Amino acid sequence: MRPLSVDGAWLAETRAFADDRGVFQELYSGRELSAVLGYEPGVAQVNRSVSRRGVLRGVHFAQVPPGQAKYVTCLSGAVLDVVVDIRVGSPTYRAWDAVRLDDPHRSLYVEVGLGHAFMALTDDAVVVYLTSRGYAPGREHGVHPLDPDLGIAWPEDIEPVLSHKDRQAPGIAEMERRGLLPAYGECVAFHRSLRERSVA
C-alpha cells in the first residue's frame, strides 16, 4: 500500500501466482487494508462498469457520514483514475492525484470524503470497484470533472464523453457555496470513530 499525494488515497499493488494451469491473484485483502487504515472498511457493494475510450465518469462522492469508500481495479483495458480532495478545510483541498490503472495488480483505494473519477483510455475498459456502503441516490453528488478550478489534467488527445448528469454537475466553488462538500473536520472525526470502534 503506497500513499498518494492526496491524504486518504492509496495505491495497492498485489502479486499474481502463475503456473501451467493459469494464474491466481488476490485482488483485495481486507486484512492488509485495515492494517493501513486502522479499521476494516467493509464491502457493501461490488460494481462493474464497461466504458469505451473517452468515457469520463465523476467526480463522484457521497455525503459524510457515512460516505462511501471505494477500492478500484481495472480488470482489462486502461483508465486514468483520479482522486480529488473535495474536503473543505483540508490542507490539500482541491488537490488531485492520478494513477493509470491498466493491470489488475494495481488498485486504488479512495477514502470516505474524497472525490473519485476516471477516464477510459481504451475501448472496453472494465473497472470493478468495491464500496464500503451501498448506492444511496439521495446522498450521492458530483463535481464537474472539467472544472477549471480543479484543473485535472485529462489526456489532451481524447475527447471526453460525459453522462448528462456529469455534464450538468456544478463546479467545486458552486458546490462549496451550496454547502454540499464534505468538511475535513467531519471526515477526520468519522475515521477516528471507526478506528476507536475497531480497537474496542
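How many nonpolar, polar and charged residues make up the lining of the largest pocket? The lining divides into 12 nonpolar, 9 polar and 6 charged residues, where Ala, Val, Leu, Ile, Met, Phe, Trp, Tyr, Cys and Pro count as nonpolar, Asp, Glu, Lys and Arg as charged, and the others, Gly among them, as polar. Please keep in mind that this is a predicted model, in which local features need pLDDT of at least 70, side-chain atom pairs count only at pLDDT 80 or more, and totals for chains, interfaces and linings use all residues. Residues are numbered from 1 along each chain as its sequence is written, and side-chain values use heavy atoms, with hydrogens and water left out.

**Pockets**

- The largest pocket has a volume of about 540 Å³; a pocket here is an open set of points on a 1 Å grid over the protein atoms alone, where a 1.4 Å probe fits, with protein on both sides within 12 Å along at least five of seven lines.
- A volume is the space filled by probe spheres set on the points, which are joined across faces, edges and corners.
- The largest pocket is lined by 27 residues, a lining residue being one with an atom within 4 Å of a point.
- His60, Tyr135, Glu140, Lys165 and Asp166 lie nearest the centre of the largest pocket.
- Two or more lining residues of the largest pocket come from each of β5 (45–51), β6 (56–62), β11 (115–120), β13 and α2 (164–167), with helices (H or I, at least four residues) and strands (E, at least two) taken as DSSP runs numbered from the N terminus.
- β6 gives the most to this lining, with 4 residues.
- The second largest pocket holds about 270 Å³ of space.
- Of the 13 residues lining the second largest pocket, Glu13, Thr14, Arg15, Glu26 and Glu32 are the closest to its centre.
- β2 (9–13) and α1 (30–37) each supply at least two residues of the lining of the second largest pocket, which has 7 nonpolar, 2 polar and 4 charged residues.

**The sheet and its edge**

- Five strands form an open sheet in the order β9-β8-β11-β6-β13, with antiparallel pairing; two strands pair if DSSP finds at least two bridges between them.
- β9 and β13 (140–142) are the edge strands, each pairing on one side only.
- β8 (residues 79–84) and β9 run antiparallel and are joined by 6 bridges, and Val84 has Trp96 as its bridge partner in β9.
- Buried means under 20% relative accessible area, exposed over 50%, and partly exposed in between (1.4 Å probe, protein chains only).

**Salt bridges**

- The count comes to 8 salt bridges, each being a side-chain nitrogen of Lys or Arg within 4 Å of a carboxyl oxygen of Asp or Glu.
- Asp157 pairs with Arg53, their closest N and O atoms being 3.8 Å apart.
- Asp157 lies in the loop between β13 and α2 and Arg53 in the loop between β5 and β6, so this pair ties together parts that are 104 residues apart in sequence.
- Asp157 is exposed at 60% relative accessibility, while Arg53 is partly exposed at 37%.
- Arg87 forms a salt bridge with Asp85, with 2.9 Å between the closest N and O atoms; Arg87 is buried at 2%, and Asp85 is buried at 0%.
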